[in-house]
Amino acid sequence: MTCAVAATDAPTTHGEHLLRVFAADHATPLLAYVERILGDRHTAEDVVQETLIRAWHHADRLCSNEGSLRGWLLTVARNLAIDRVRSAYVRRESVGAEHPGILQGDHADTTTASVDAMALLRLLSHEHREVLVHTYLHDKTVVETALILGVPAGTVKSRQYYALRQLRMRVRARGAAEMSLETAAA
């Protein structure tokens, strides 16, 4: 990272200019990132301001390094946002309380479950998968699914039953295999 300020500038002018450069170049992406973490724009603005002030206090080190200024800023902003959420939790407050449900936890479990579900669906026949996609993912009734697929409603029910049965068997088999691996490892 190079700092585009002349070395002959006075220290206060240099510092003020550097802070403006940091803000102009990095405030908008930082704000978007922190707002996504916190779900509250006003708190995110406070965190970004604190992040830029910390960057200004460490400007000599940040300007002399060849590392990524944006990476440093994102790390500091993330840590400050986490601290803000934790301190609100200790005080029994909620960051973004005026917008309940905005704060999201770690989505890794949801992503993993989604990937597992897709892998299981791929193991089904096309007909069985098609019925489950319409009834569960598209929230269609049996009659609506039958009309879409051009088959009788009884066929939709039958395919749904056998598809779910096959999925349950595969999930149980996978669970049993994981248990045997854990037992063998212990």
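This is a predicted model: local features need pLDDT of at least 70, side-chain atom pairs count only at pLDDT 80 or more; totals for chains, interfaces and linings use all residues.

Colleague: Let me begin with the overall picture: how many helices and how many strands does the secondary structure of the protein come to?

Modeller: The secondary structure comes to eight helices and zero strands, and the elements, read from the N terminus on, run α-α-α-α-α-α-α-α. Of the 186 residues in the protein, 25% are buried, and the protein exposes about 12700 Å², of which carbon and sulfur atoms supply 56%. If you look at contacts between residues with a separation of 6 or more, those between residues 24 or more positions apart account for 58%.

Colleague: What span does helix 8 reach from its first C-alpha to its last, and what would be expected?

Modeller: Helix 8 has 33 residues and reaches 48 Å between those two atoms, which is close to the 48 Å expected at 1.5 Å a residue.

Colleague: How should I describe the way helix 7 and helix 8 pack?

Modeller: Two packed helices are described by the angle between their axes and the distance between the axes. For helix 7 (residues 142-149) and helix 8, the angle is about 105° and the axes are 8 Å apart. Helix 7 and helix 8 are therefore roughly perpendicular to each other, since angles of 65 to 115 degrees count as such. The contact is made by V142, T145 and A146 of helix 7, together with A153, V156, K157 and Q160 of helix 8.

Colleague: At what angle do the axes of helix 6 and helix 8 cross?

Modeller: The axes of helix 6 (residues 126-137) and helix 8 cross at roughly 100° and come within 9 Å, so helix 6 and helix 8 are likewise roughly perpendicular to each other. On the side of helix 6 the contact is made by E127, H128, V131, L132, T135 and Y136, while helix 8 contributes residues including V156, R159, Q160 and A163.

Colleague: Which residues of helix 8 are buried?

Modeller: The buried residues of helix 8 are V156, R159, Q160, A163 and L167. Let us take Q160, which is found in helix 8, as a worked case. Q160 counts as buried because its relative accessible area is 15%, and buried means under 20%. Leaving aside residues up to four places away in sequence, Q160 touches V131, L132, T135, Y136 and V142.

Colleague: Now to charged side chains: which residues are linked in a network of salt bridges?

Modeller: Side chains of opposite charge can pair when their charged atoms come close. Here the network links E35, R41 and E45. R41 forms a salt bridge with E35, with the closest N and O atoms 3.0 Å apart, and the side chains of E45 and R41 meet in a salt bridge at 3.5 Å, N to O. For the whole model the count comes to five salt bridges.

Colleague: How many residues apart are E45 and R41 in helix 2?

Modeller: An α-helix has 3.6 residues a turn, so residues three or four places apart point the same way. E45 and R41 both lie in helix 2 (residues 41-57) and are four residues apart, about one turn of the helix.

Colleague: Are R41, E35 and E45 buried or partly exposed?

Modeller: R41 counts as partly exposed because its relative accessibility is 41%. E35, at 26%, counts as partly exposed, and E45 is partly exposed with a relative accessible area of 35%.

Colleague: Which residue forms a salt bridge with R174?

Modeller: D116 forms that salt bridge, the closest N and O atoms being 4.0 Å apart. The pair links distant parts of the chain, with D116 in helix 5 (residues 108-122) and R174 in helix 8 (residues 153-185), 58 residues apart. D116 counts as partly exposed at 35% relative accessibility, and R174 is partly exposed with a relative accessible area of 34%.

Technical notes. Residues are numbered from 1 along each chain as its sequence is written. Side-chain values use heavy atoms; hydrogens and water are left out. Buried means under 20% relative accessible area, exposed over 50%, partly exposed in between (1.4 Å probe, protein chains only). The expected span of a helix is 1.5 Å times one less than its number of residues. Contact means heavy atoms within 4.5 Å. Accessible areas come from the Shrake-Rupley method with a 1.4 Å probe; for residues, only the protein chains shown count as cover. Axes are lines fitted to C-alpha atoms, for helices over the stretch in contact, and angles run from 0 to 180 degrees between N-to-C directions. Angles under 35 degrees count as roughly parallel, over 145 as roughly antiparallel, 65 to 115 as roughly perpendicular and the rest as oblique.
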